[in-house]
Amino acid sequence: MTLLVLGIPGPNDAVDLVIESVVKSVIALAFLMGAFGYLTLAERKILGRMQSRYGPNRVGPFGLLQPLADGLKLLLKEQVTPREVKTVVYLLGPAISLFVAFMAFAIIPVGPSFYLWGHQRTMAIANVNVGMLYLLAVLSLGVYGIVLGAWGSSNRYSLLGGLRSSAQMISYELALGLSLVSVVVLAGTLSPIGIVLAQNHHPLTWFVLLQPVGFLLFAVGGFAETNRAPFDLAEAEQELVAGYHTEYAGMRFALYFAAEYINMVTVSALVTTLFLGGWVFVGNGIFFNITQAPWAQLIGVFWFLAKCAMFLFLYIWVRATLPRIRYDQLMWFGWKVLLPASVLNLLVTALYVSLS
Amino acid sequence: MAILEFARGLGVTFKNMLRPPVTIQYPRERRTLPERTRGRHMLHRYENNLERCIGCYLCAGACPADCIYIEAEENTPENRVSAGERYARVYEIDMLRCIFCGFCEEACPTGAITLEPILDISDYHRRPLIYTKDMLLEPPRDLESLPA
């Protein structure tokens, strides 16, 4: 793009692509880190209000500087490295967790595509045709972060916690994947942009209405994938000290912590993309066609963020409401209830699509 | 269906979110304490500003935590402090040992030592929490302003 302006011939497309990717990545990274910080504050405040108390409200007005204070505290903490740890693996664990959490966000379109400076640009960092396949692969990689961290800690209780957590994640990935496949079958494409556009019809064809069971399955699977809400046995304070992140202090713990919350954001973004219509505006086609309006991108991003925020609120709401599920109940539920349900869902969807 | 139960539970937490929190945000807001709340000690005086404490050691004897330290001194005509023969020259209560039981208040014959409903007793160090007589003594009344 720059070289084109300067009139220099050459691999302008490649340079343009690189610059576009870098700019989008930086924006997404900044957004995710900011979102992580304020999600922790939002969670504490909402959880507090649901429990008849105030959340943090001392540090800055309404506690708005609390994430800064937390970040500073974690930075200044002493990094205790136990003597017996397997150093490389121990250090890799949180890094992989965080890296994978960011990776999964790369294919999610946050707004409608637009045309700028000679190229059709999408509002996903990477426009991958087989985005959903990429996503499934990346979600499975998340397990590595936990297993490596647990084993590298050289602490048998951390190991147990990590094994529990990874078994839980693997079990619920199946239900997640199958309900995702049902959406793909309905949309006819693996591309996330295609899936959003498939929900862009009038009247409302969001997949949450066409696939309510799939939505529930994906939501529950999402809660279990991120070790959150009623499925947080592996990291609860009352169980196994702190589970797989017992031996991590200060900044290393912050990486795991960030990975968990960014996973939450990513799963919310996914649910929004797959079931809630992504950036599609509710009144699309009635008042104006969103893809032609000049401020379409802003509206699209706004609605995408609003839906994401709603699902994140649901995450926090469920955490405040439900008690923790015991591990054997968790496994039973994942394999004997969710998996058959998602297979059935897929069957019915496939039948419907093939017959119509 | 179990899902309806979840929805009911979610409704409960949501409704609770909309209610005002029950937190009393100390120190900006304070609770109204009952009159007989056993808080910080105070040494009282008579109406004519003479101290009530006569240095009889009854409170120190009654204290189960053994936290009151007294040194008594004779009242002289030049220096009359209390309304009896003796007064307490040194009177210290170790707030870190006190269990706020009120036995000293019950044991005192003159009504000198009482426990007031004051709960703001905290500090960053141990030494300042050994309260001395000047910290415990009631300030003298303004005799001119009293009605005749």
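Biologist: What covers the buried residues of helix 12 of chain A?

Modeller: The cover includes helix 6 (156-187) and helix 9 (212-225) of chain A. Keep in mind that this is a predicted model, where local features need pLDDT of at least 70, side-chain atom pairs count only at pLDDT 80 or more, and totals for chains, interfaces and linings use all residues. Residues are numbered from 1 along each chain as its sequence is written, with chains lettered from A and ligands numbered from 1 in the order in which they are written.

Biologist: And which residues of helix 12 of chain A are buried?

Modeller: A:Leu330, A:Gly334, A:Leu338, A:Ser342, A:Asn345, A:Leu346 and A:Thr349. Buried means 20 or more other C-beta atoms lie within 10 Å of the residue's own; 12 or fewer is exposed, in between is partly exposed, and C-beta atoms are placed from the backbone. Helices here are DSSP runs of H or I with at least four residues, strands are runs of E with at least two, and both are numbered from the N terminus.

Biologist: Where is the kink in helix 12 of chain A?

Modeller: At A:Leu338, shortly before the proline A:Pro340, and the kink is about 30°. That bend is the angle between axes fitted to the seven residues ending there and the seven starting there.

Biologist: New topic: which residues have the most contacts inside the largest nonpolar core?

Modeller: A:Phe218, A:Ala258, A:Ile262, A:Val271 and A:Leu274, in a core of 88 residues. Helix 10 (residues 250-274) of chain A gives the largest share of this core, 15 residues. A core like that is a set of buried Ala, Val, Leu, Ile, Met, Phe, Trp, Tyr and Cys residues joined through C-beta atoms within 7 Å.

Biologist: What does A:Phe218 touch?

Modeller: Leaving out residues up to four places away in sequence, A:Phe218 touches A:Leu176, A:Ser179, A:Leu180, A:Val271, A:Leu274 and A:Phe275. Touching means that the C-beta atoms, placed from the backbone, lie within 7 Å.

Biologist: How many residues does the contact take from chain A and from chain B?

Modeller: Nine from chain A and ten from chain B. On the chain A side, helix 11 gives the largest share, three residues.

Biologist: Last one: in what order do the three strands of the open sheet in chain B run?

Modeller: The order is 2-3-5, with antiparallel pairing. Strand 2 (68-74) and strand 5 (130-131) of chain B are the edges, each pairing on one side only. Strands count as paired if DSSP finds at least two bridges between them. B:Asp94 stands opposite B:Ile130 in strand 5 of chain B.

Notes:
Contact = placed C-beta atoms within 7 Å.
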